[in-house]
Amino acid sequence: MRATEFVARLKAQRQYRGQIAAVRCIEPRSADYAQPRTPLPETLQRLLQAANIEQLYSHQASAYDEILAGRNVVISTGTASGKSFCYNLPVFAGLLTDHDRTALYLFPAKALAYDQLGGLQRIIDLADLADTLRPACYDGDTPTHQRPGIRRSANILLSNPDMLHQGILPYHAKWAGFLARLRYVVLDEIHTYRGIFGSHVAGVLRRLQRICRHYGSSPQFICCSATLGNPRDLAERLTGRDMLLIDRDGAPRGRKWFVLWNPPLLDEPARVARRSGNVEAKELMQRLIEDGAGTITFTKARVVTELICRYVVDALQRRRPDLAKRVRPYRGGYLPLERREIEQQLFSGQLLGVCATNALELGIDVGALDAAIIVGFPGTLCSLWQQAGRAGRRQDESLAIFVAYDDPVDQYLMRNPDFVFSRPLEQAIIDPDNPHILAAQLGCAAFELPLTAEELAGFGAVAENVVELLAERKTLRQTGGKYHWDQTEFPAAQTNLRTISKATFAIVDISAGRNEVIGQVDGISAPELVYPEAVYIHQGESYLVRELDQPARLARVERFDADYYTQPVLADECRLGEVRLESECLGGRRMFGDVTVRWQTVAFRKFKLYTQELIGQTALTLPAQQVNTTGLWLQPPPDALETTRAAGHKVYEALSGVRNLLTVALPPLAMCDRYDVGGIVNSSQLGISTIMVYDRYEGGVGYARHGYERAAELLRMAHELVAGCPCEHGCPGCVGPPNLRIAIHHDPDLGPGYAIPDKTATVTLLRAWLAGGM
């Protein structure tokens, strides 16, 4: 496509109201080729010829040499830079040299593993190496009758950390031959291993290495990551191994036009409300598809994915019904067969457009796409560039459009485009020493093999204290200097690597007596997504939730032709516990410690499709959920509070505005999602006005601790977010609603109707606070 012509047509249309905040051209780059120092064997040369590859990029050649030299490496290069050949070539070389060796490839998503398997099988067949290289996928979808054969014959096993955790390590005796010969462990897309998931994966990888030592092997680690602020540090924390970083990208890229698109204001001159970002994205996607441009639209929530897809399909039905059939949604919660059908249709070109959550952000081959639309800042610059990189993956010119929400961070980026194009990328955070995560991983390890005191050092500095606590609770039994699992339960089944909930709810369609499972949701999200009378949208169709059966872990839904959607209203409270760290901060105080958070879905609201008009609210009586976690609390200097009062402002209004700003400023700094943190104003427990920001995960994952360490920067960023907003009294694009947890699906379009804190009061408090640190 000609991106410049498309943008010019947008600006020439009558409906254009100056939405383009910035346009940047990412210039094309020619390839940097290199030859490995170690010549490729003839077999691999034949394989490359079969794949139509004449030369290696410089980072591929470097990776080949370093991996053959036995080093643990992490490769961090851009989207579509050929990272899979960085590990496939040296692994193939090793397996072709020694036919007894095996390799384990771990991917964060099943779809990515199957996509890689397809690519492996194609090049292996073309090079006539099927007798020597025998790849296979092994995950929860693998039929039971195929599993013994895979264990016996596969020498390249493609799986995911969840299956390694639940389906391989606990049954390591069945895998004794494979593990004894394990030479390579490949970790792809490690930038996704952050927060709760990454912290658990670090424990799983330590368990893997422990089992390998039991069978006499010590595999080499090969990690791949998207461009990231700390790829080597993250890889070392995940694996516990020293890493060599390869980050000089030799791959070519086509010209990319990157547009920042800000929906127009609806209420000049008040400058408070903007047009829906979802509707703007729908119109952009519709125009691109009508132009024949292959388009992927990324959203931050399942419900938004379904809504935008429905909007686009409805519009195309009226204008181009032939194209309406070529647009589908894609998100988590779909059944495996549905996901793979959509992936294949996208790759083959049968689909022209797809609306997706970040489930398609990873390196799944989706074919040649012309445009990517990113609806709302995805939380990190790393994710923003990953999503933008899904278009133009074959050196052609491409277009990326970031559509802003009426949200503090989004609006800040619209006003400061250099933050997008020049700011260094974020650092991924994990906390393998989280005592709750560590307790779960040590319990699993003891189930697999009795733990010795010497082995505890490999699990971190606090492992000894945690294992002693588990022994006191009779979870483990100490005998002969070893810790044994002492429960009847299967510990891996009780530990979900990705969520704080151990339960998964099935979503069952009971329409006309069907009783068909159409999706699933974790136990924490169930009361926020499939509460009674919620409208659940699946593949563009609306379902009404008739019952949330919590004991049976079922949500029963029925087909329902709705002209509205629903959104939960949450209430939360937070109690302070032990203070772990405390110091001065810009004349006030900052503290980090333990907190107890309790929240529940107390009501839901109905909004008209397309217009987002609020048409009703209904109270709910669902049980509350509670988590013991960690938090940051900040106390402004007394002088700053007095300055705010003297200016005639209410202190609570100012504190609420600051709290809202902190909960949106922290995620980009800590590389987490908005949903990962919460905030509250608490004046009663400490007798002084206090703002609390907490991790939403049991035991904490490190986000609040990161906020404590960067508290001054966090407050300055909060001031920048609000001070630069052009509104007069406050809007969703700066101080926002007082309960940001309302926007549970990360979409400000779905949570209107709440009073906005006083912007002037907020700015007054922040300026006085920041002045205290000068």
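**Figure 1. Pairing of strands S8 and S9.** Strand S8 (residues 182-187) runs parallel to strand S9 (residues 220-225), and the two pair over four bridges. Val186 has Ile222 in S9 as its bridge partner. As in every view below, the coordinates come from a predicted model. Strands of a sheet pair through backbone hydrogen bonds, in either a parallel or an antiparallel sense.

**Figure 2. The seven-stranded sheet.** The strands of this open sheet follow the order S6-S7-S5-S8-S9-S4-S10, and their pairing is parallel. Strand S6 (135-137) and strand S10 (244-246) are at the edges; each has a single partner strand, so one side of each has no neighbour in the sheet. On average, neighbouring strands are turned by 20 degrees against each other, direction ignored.

Figure 3. Helix H3 (residues 58-68) lies across strand S4 (73-76), S8, S9 and S10, and its direction is at about 160 degrees to S10. Helix H5 (residues 110-126) also packs on the sheet, where it touches strand S5 (102-106), S6 and strand S7 (156-159). The direction of H5 makes about 160 degrees with that of S6.

Figure 4. Why is H3 described as largely enclosed by the rest of the structure? Nine of its eleven residues are buried, so the rest of the structure largely encloses H3. Just after H3, Gly70 takes a positive phi of about 90 degrees.

**Figure 5. The crossing of H3 and H4.** The axes of H3 and helix H4 (residues 83-97) come within 8 Å and cross at roughly 40 degrees. This crossing of H3 and H4 is right-handed. On the H3 side, the residues in contact are His59, Gln60, Ala63, Tyr64, Ile67 and Leu68. They meet Phe85, Cys86, Leu89, Pro90 and Ala93 in H4.

**Figure 6. The five-stranded sheet.** A further open sheet has five strands in the order S21-S20-S24-S23-S22, with mixed pairing. Strand S21 (516-522) and strand S22 (535-538) form the edges, each with a single partner strand, so one side of each is left without a neighbour in the sheet. Neighbouring strands here are turned by 35 degrees against each other on average, direction ignored. Strand S20 (residues 504-509) pairs with S21 in the antiparallel sense over six bridges. Within this pair, Phe505 has Val521 in S21 as its bridge partner.

Figure 7. H12 lies across S21, S22 and strand S23 (541-549), and runs at about 65 degrees to S22. Helix H12 (residues 302-319) has 18 residues, which at 1.5 Å a residue should span 26 Å; its end C-alpha atoms are 26 Å apart, in agreement. Of these 18 residues, 13 are buried, so H12 is largely enclosed by the rest of the structure.

**Figure 8. The nonpolar cores.** The largest nonpolar core has 66 residues, of which Leu384, Phe402, Leu413, Val658, Leu662, Leu715 and Trp769 touch the most other members. Helix H23 (residues 651-670) supplies the largest share of this core, eleven residues. Leaving aside residues up to four places away in sequence, Leu715 touches Cys585, Leu586, Leu634, Val658, Leu662, Leu766, Trp769 and Leu770. A second, separate core of 43 residues includes Phe6, Cys309, Ala324 and Ile373.

Technical notes
Residues are numbered from 1 along each chain as its sequence is written. This is a predicted model: local features need pLDDT of at least 70, side-chain atom pairs count only at pLDDT 80 or more; totals for chains, interfaces and linings use all residues. Side-chain values use heavy atoms; hydrogens and water are left out. Two strands pair if DSSP finds at least two bridges between them. Axes are lines fitted to C-alpha atoms, for helices over the stretch in contact, and angles run from 0 to 180 degrees between N-to-C directions. Contact means heavy atoms within 4.5 Å. The expected span of a helix is 1.5 Å times one less than its number of residues. Buried means under 20% relative accessible area, exposed over 50%, partly exposed in between (1.4 Å probe, protein chains only). A nonpolar core is a set of buried Ala, Val, Leu, Ile, Met, Phe, Trp, Tyr and Cys residues joined through side-chain atoms within 4.5 Å. A crossing is left-handed if the near helix is turned anticlockwise from the far one by less than a right angle, and right-handed if clockwise.
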